[in-house]
Amino acid sequence: MNKVIIFSAPSGSGKTTLVRHVLDVVPDLAFSVSCTTRLPRGEEKDGEDYYFLTPEVFREKIAQDAFVEYEEVYQDKFYGTLKTEVERIWSQGKTVIFDVDVKGGIALKTYFGDQARSVFILPPSVAELERRLRGRGTDDEATIRERVAKAGEEMAYRDRFDRVVVNTDLEEAKNEVRLVVEDFIS
């Protein structure tokens with residue numbers, strides 16, 4: 001059976017760090033590159049971190065039913081998963097790993113059902129989440145405030161996920177997510 005593993009969290013929870021770790025230590029996983037209309041941050045590369053699309057192109061793909069799931073997270077800031085991306089990974093005999101926002105994670109779990117294991121990464125607190133966002137140095141003040149406000153709403157959805165991992169200590173969280181993934185794909 002083809003499988004998928006879904007990681008979701010409020011922005012700044014450490015989700016991407018944990019996903020990269022799992023990809024490094026668990027064989028036969030492949031990262032699903034999502035589409036977004038936001039601009040690249042830092043060293044992000046098109047086709048590797050995200051497929052960066054204009055809002056117009058993203059809307060065309062919606063009309064073509066090209067997405068497994070998509071979400072307009074903020075006005076004109078879309079994120080989504082292309083059906084062709086999942087098919088590409090499965091054709092290589094690998095398990096798909098997703099790094100998506102919370103609503104995207106719920107949509108993916110609904111779509112894939114028993115083929116999916118969904119993992120919610122919870123920050124130790126909203127204050128710590130804000131500290132991490134500021135420490136990244138990638139967002140302006142308005143964006144940080146928007147992300148912190150959204151985090152409280154997103155954390156309310158954690159019970160909709162198969163597993164919740166609290167990322168207080170990074171090494172412990174890395175070990176826990178590795179075990180969750182290995183258990184699901186074995």
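A residue is called buried here when its relative accessible area is under 20%. With that cut-off, and bearing in mind that this is a predicted model, take helix α1: its buried residues are Lys15, Leu18, Val19, His21 and Val22. Looking down the axis of α1, you find these buried residues within an arc of 160°, so they line one face of the helix.

What does that face pack against? The buried residues of α1 pack against β1, β2 (29-31), β7 (95-100), β8 and α7.

## The overall build

Stepping back, the protein has 7 helices and 9 strands. Its C-alpha atoms fill a box of roughly 40 × 40 × 30 Å along the principal axes. A compact globule of 186 residues would have a radius of gyration near 16 Å, and the protein has 16 Å, so the two agree.

Buried residues account for 48% of the 186 residues. The accessible surface comes to about 9,400 Å², and carbon and sulfur atoms hold 46% of that. As for contacts between residues at least 6 apart in sequence, 66% of them join residues at least 24 apart.

The largest nonpolar core has 17 residues, and the members touching the most others are Phe7, Val22 and Ile121. At least two residues each come from β1 (4-8), α1 (15-25), β8 (116-122) and α7 (170-185). The largest share is from α7, with 5 residues.

Setting aside residues up to four places away in sequence, Val22 touches Phe7, Leu29, Ile97, Val177, Arg178 and Val181. There's also a second, separate core of 13 residues, with Ile6, Val86, Val96 and Leu108 among them.

## Around Cys35

Cys35 sits in strand β3 (residues 34-36). With a relative accessible area of 1%, Cys35 is under the 20% cut-off and therefore counts as buried. Leave out neighbours within four places in sequence, and the contacts of Cys35 are Tyr50, Tyr51, Leu53, Phe58, Phe67, Phe78, Tyr79, Gly80 and Leu82.

## A buried glutamate

Glu85 belongs to helix α3 (residues 83-91). Its relative accessibility is 3%, which is why Glu85 counts as buried. What does the side chain of Glu85 reach? It reaches the backbone nitrogen of Val33, at 2.9 Å.

Beyond four places in sequence, Glu85 touches Phe31, Ser32, Val33 and Tyr51. Tyr51 also turns up in the contacts of Cys35.

## Two aspartates with positive phi

Most residues other than glycine have a negative phi. Asp28 is not a glycine, yet its phi is positive, at about 65°. You'll find Asp28 in the loop between α1 and β2. Asp28 is exposed, because its relative accessible area of 52% is over the 50% mark.

Asp76 likewise has a positive phi, near 65°. The loop holding Asp76 runs between β5 (67-74) and β6 (77-82). Is Asp76 exposed or partly exposed? At 32% relative accessibility, Asp76 counts as partly exposed.

How values were computed
Residues are numbered from 1 along each chain as its sequence is written. This is a predicted model: local features need pLDDT of at least 70, side-chain atom pairs count only at pLDDT 80 or more; totals for chains, interfaces and linings use all residues. Side-chain values use heavy atoms; hydrogens and water are left out. A nonpolar core is a set of buried Ala, Val, Leu, Ile, Met, Phe, Trp, Tyr and Cys residues joined through side-chain atoms within 4.5 Å. Buried means under 20% relative accessible area, exposed over 50%, partly exposed in between (1.4 Å probe, protein chains only). Helices (H or I, at least four residues) and strands (E, at least two) are DSSP runs, numbered from the N terminus. Contact means heavy atoms within 4.5 Å. A polar contact is a pair of N or O atoms within 3.5 Å; within protein, one must be able to donate a hydrogen and the other to accept it, and residues adjacent in sequence count only if both atoms are side-chain atoms. The radius of gyration is taken over C-alpha atoms; the globule rule is 2.2 Å times the number of residues to the power 0.38. Accessible areas come from the Shrake-Rupley method with a 1.4 Å probe; for residues, only the protein chains shown count as cover. The arc is that of the directions from the helix axis to the C-beta atoms.
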